[in-house]
Amino acid sequence: MSEKLADLYETILTELGEDPKREGLLDTPTRAAKAMQYLTRGYHQTLTEVTNGAVFESETDEMVIVKDIELYSMCEHHLLPFIGKCHIAYLPAGKVLGLSKFARIVDMYARRFQIQENLTKQIADAVLEVTGARGVAVTIEAKHMCMMMRGVEKQNSVMKSSVMLGSFRESQATRQEYLQLITS
Ligand SMILES: [Zn+2]
């Protein structure tokens, strides 16, 4: 745990009008520093590490889809959470990726400060890189605390972003199949 980060949290509390010496806040700077380091641990991970050789030879060329992967990230504009789910589909070209690794890829990028649009693209590019697929599609639906708790204070708006690569981009039929599968 970074002492310096804890000290900075103490300063933040003081600047916000709190007394960091009162009982309830005594360990808060340390806890907050630990929590924030955990929430941004993606900075210390690499794609090779998180996929850890879980790419397997396979004959299948049918669409593989992993739906409703939980997503917790923080926006780079306000350092506030955005929370939602991510769907990933790909069309294998000789190689498939172990199921749990999709969630690990999502987590690695989500645990960095982000905007949703870039996060969607990073996940799609990563899946393409690891699998060499004919096409990759990624959709994220998320609620943003910076919109719900501040600013316009819209509680029910969901932001949806999609990135289509390869055959998902070129073929309307493939795209349609994907969209049907993620909404069914
Ligand atoms: Zn924001």
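Asn52 counts as exposed, because its relative accessibility is 57% and the cut-off for exposed is over 50%. This is a predicted model, so keep in mind that you're looking at a prediction. Asn52 sits in the loop between helix H3 (47-51) and strand S1 (55-57).

**The chain as a whole**

- The chain has eight helices and seven strands.
- Picture a box of roughly 65 × 40 × 20 Å, taken along the principal axes: that's what the C-alpha atoms of the chain fill.
- The chain has 184 residues, and 39% of them are buried.
- Take the contacts between residues at least 6 apart in sequence: 69% of them join residues at least 24 apart.

**Strand S2 and its residues**

- Asp68 is another residue with a positive phi, about 55 degrees in this case, although it is not a glycine.
- You'll find Asp68 in strand S2 (residues 64-75).
- Is Asp68 buried, partly exposed or exposed? At 41% relative accessibility, Asp68 counts as partly exposed, because that value falls between the 20% and 50% cut-offs.
- Lys67 is in strand S2 as well, and Lys67 is partly exposed, with a relative accessible area of 32%.
- Which residues does Lys67 touch, leaving aside its neighbours within four places in sequence? Its contacts are Cys86, His87, Leu181, Ile182 and Ser184.
- Lys67 and Lys85 are 18 residues apart along the chain, and their C-alpha atoms are separated by 8.2 Å.

**Where helices H1 and H2 cross**

- Helix H1 (residues 3-15) and helix H2 (residues 28-39) have axes that come within 8 Å of each other and cross at roughly 115 degrees.
- The crossing of H1 past H2 is right-handed.
- Who makes the contact? On the H1 side there are Leu5, Ala6, Tyr9, Glu10 and Leu13, and on the H2 side there are Thr28, Pro29, Thr30, Ala32, Ala33, Met36 and Gln37.
- Sorted by class, the contact of H1 with H2 has eight nonpolar, three polar and one charged residues.

**Aromatic pairs**

- How many aromatic pairs does a search of the whole structure find? The search finds three aromatic pairs, and two of them are described here, starting with Tyr90 and Phe102.
- The rings of Tyr90 and Phe102 have their centres 5.5 Å apart and their planes at 40 degrees, so this pair counts as tilted.
- This pair links distant parts of the chain: Tyr90 is in strand S3 (residues 81-91) and Phe102 is in helix H4 (residues 99-110), 12 residues apart.
- Tyr90 is buried, with a relative accessible area of 2%, and Phe102 is buried too, at 1%.
- Phe168 and Tyr178 also pair up, with ring centres 5.8 Å apart and planes at 80 degrees, so the pair is edge-to-face.

**Cysteines**

- How many disulfides does a search of the whole structure find? The search turns up zero disulfides.
- Why does Cys75 count as buried? Its relative accessibility is 5%, and buried means under 20%, so Cys75 qualifies.
- Cys146 also counts as buried, because its relative accessibility is 12%.

**Glu117 in helix H5**

- Glu117 lies in helix H5 (residues 116-131).
- At 42% relative accessibility, Glu117 counts as partly exposed.
- Glu117 and Ile140 are 23 residues apart along the chain, and 8.6 Å separates their C-alpha atoms.

Definitions and conventions
Residues numbered from 1 in each chain as written. Predicted model: local features only at pLDDT ≥ 70, side-chain atom pairs only at ≥ 80, totals over all residues. Heavy atoms only, no water. Disulfide = S-S within 2.5 Å. Buried < 20%, exposed > 50% of the residue type's maximum accessible area, 1.4 Å probe, protein only. Axes fitted to C-alpha atoms, helices over the stretch in contact; angles between N-to-C directions. Helix = DSSP H or I, 4+ residues; strand = E, 2+ residues; numbered from the N terminus. Left-handed = near helix turned anticlockwise from the far one by under 90°. Contact = heavy atoms within 4.5 Å. Nonpolar A, V, L, I, M, F, W, Y, C, P; charged D, E, K, R; others polar. Phe/Tyr/Trp six-rings, centres within 6.5 Å; stacked < 30°, edge-to-face > 60°.
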